[in-house]
Amino acid sequence: MTTVSHPPTAAQQHGSTAARLIIGIVLLYAGFLKATGPVAEFAALIQAYKIIPSDWAMVAAMLLPYLEMGLAMFLLAGFETRRSAMAAAGFFGLFILAIGSTFLRGINLASCGCFGPDTLNPKITILLDAALLAMCLWLARSDRHPLPLSIDHLLSSPSRRRS
Amino acid sequence: MKRIIIGLVLFALPAGVAQWAKRSDWGATQSAPQFRQKGSPKARLTIVEYSDFQCPSCAMIQPTVKTLLDAYPEKIRIVFKHNPLTSIHKNAYSAAIAAECAGIQGKFWLYHDRLFATQSQWATLRNATTMYASFANEIQLDAEIFNTCLSQPMTAEAIKSDVKEAKNRQVQSTPTFFIGETRLVGNYMVTDGARTIEKELRK
């Protein structure tokens, strides 16, 4: 028995495009701020979660912002959208687990450093990440047809575009 | 092949822009009053500490700072800069003012130690003014001079100047230390402080 994938409705297309752009903009903004800021600041924040050793925290602080920005660009450009959405979902899932684990382990983040006004409250961060995670999963599920205004659409075969 | 190239371009574009926008130096520091400096005036290496009296981590790091000063006598000098994170610590600014006023009477470090040692007592108070006055009394400050100083524009200006400098140097967290030009934030001062001092002294 063959499974037929129905083309998305106009509303679904608009929704997927909006999701792609929102997630992309958030990731790009967050990644860019961290990439252009002092690595030591971000490393201290990562270290505060006490999940990875200090040296690894420094490496993570150097690499993560660029991964975020790269993923953001993929989503904004609509390139490998499903895979990018899944990867972004992975990111947000990891962030939620990391923050949630501090509550479970009784870690007071302030004991490792006081992070200034640009750092979101952990509870608000979890809510924001959960919303973005949900959007990523929805985008990954719904985007089985290349959307207009995307590189996937440009690169796909004419027959796929028409369907 | 096409997809690989597109992927690489999309990845490299923001990375390139970020590298271009990233600052390569963190700007100069203004000189701090003598009373906020500790260590030999002839020390080759200056360590600047941006701190917040209401920050628990800043309190916890003090023994490390003392250990480093003892370990490198004559070689390092600590300069304290105020960076009260007023958005999350509502008494931090007033504590900074009080400490600055203690400094004007030559007892900044005594007051600094007192504030950190009693942090949990005054941090949650709606108004910690009475506690600040009691600390001043304990270390035998002239009460009239101290109280007058608290409302002097010059005192507020000293704090604002440090905060502005911290902002220019993109210091967003406390404690942040600059050992020479190397920035260490929070617990990294504990793990990497000595190693960084050695590295800077070898330069």
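Colleague: How many disulfides does a search of the whole structure find?

Modeller: One, over all chains. The cut-off for a disulfide is a pair of cysteine sulfur atoms within 2.5 Å. Some ground rules before we go on. This is a predicted model, where local features need pLDDT of at least 70, side-chain atom pairs count only at pLDDT 80 or more, and totals for chains, interfaces and linings use all residues. Residues are numbered from 1 along each chain as its sequence is written, chains are lettered from A and ligands numbered from 1 in the order in which they are written, and side-chain values use heavy atoms, with hydrogens and water left out.

Colleague: Fine. Which residues does the disulfide join?

Modeller: B:C101 and B:C149, with 2.1 Å from S to S. The torsion about the S-S bond is about -85°, so the disulfide is left-handed.

Colleague: Where do B:C101 and B:C149 lie?

Modeller: B:C101 is in helix α4 (residues 92-104) of chain B and B:C149 is in helix α8 (residues 143-150) of chain B, so the bond ties together parts that are 48 residues apart in sequence. Helices here are DSSP runs (H or I, at least four residues), strands likewise (E, at least two), numbered from the N terminus.

Colleague: Is B:C101 buried or exposed?

Modeller: Buried, at 1% relative accessibility. B:C149 is buried too, at 7%. Buried means under 20% relative accessible area, exposed over 50%, partly exposed in between (1.4 Å probe, protein chains only).

Colleague: New topic. How many residues of chain A are in contact with chain B?

Modeller: 36 residues of chain A touch 35 residues of chain B. Contact means heavy atoms within 4.5 Å. The area buried between the two chains is about 3,000 Å², and carbon and sulfur atoms give 64% of that. Buried area is the accessible area (1.4 Å probe) that two parts lose on being put together, summed over both.

Colleague: And how many salt bridges between chain A and chain B?

Modeller: Three. The rule is a side-chain nitrogen of Lys or Arg within 4 Å of a carboxyl oxygen of Asp or Glu. One of them pairs A:E41 with B:R183 at 3.7 Å, N to O.

Colleague: Which element gives the most?

Modeller: α3(A), with ten residues.

Colleague: Back to the A:E41 pair. Where does B:R183 meet A:E41 in a salt bridge, and in which elements do they lie?

Modeller: Their side chains meet at 3.7 Å, N to O. B:R183 lies in strand β6 (residues 182-185) of chain B and A:E41 in helix α2 of chain A, so the pair joins two chains. B:R183 is buried, at 8% relative accessible area. A:E41 is buried as well, at 9%.

Colleague: How many salt bridges over all chains?

Modeller: 13. Among them, B:K81 meets B:E165 at 3.0 Å, N to O. B:K81 is in strand β3 (residues 76-82) of chain B and B:E165 in helix α9 (residues 153-168) of chain B, so parts 84 residues apart in sequence are tied together. Both ends are inside: B:K81 is buried at 1%, B:E165 at 4%.

Colleague: What about B:R114, which residue does it form a salt bridge with?

Modeller: B:E138, with the closest N and O atoms 2.3 Å apart. B:R114 sits in helix α5 (residues 108-117) of chain B and B:E138 in helix α7 (residues 129-138) of chain B, 24 residues apart. B:R114 is partly exposed at 27%, and B:E138 is partly exposed at 43%.

Colleague: Which residues are linked in a network of salt bridges?

Modeller: A:E80, A:R83, A:D152 and B:R3.

Colleague: Last one, α3 of chain B. Which residues there are buried?

Modeller: In helix α3 (residues 62-71) of chain B, they are B:Q62, B:T64, B:V65, B:L68 and B:L69. Seen down the axis, they fall within an arc of 160°, so they line one face of the helix. That arc is taken from the directions from the helix axis to the C-beta atoms. The face turned away from the buried side carries the exposed residues B:P63, B:K66, B:T67 and B:D70.
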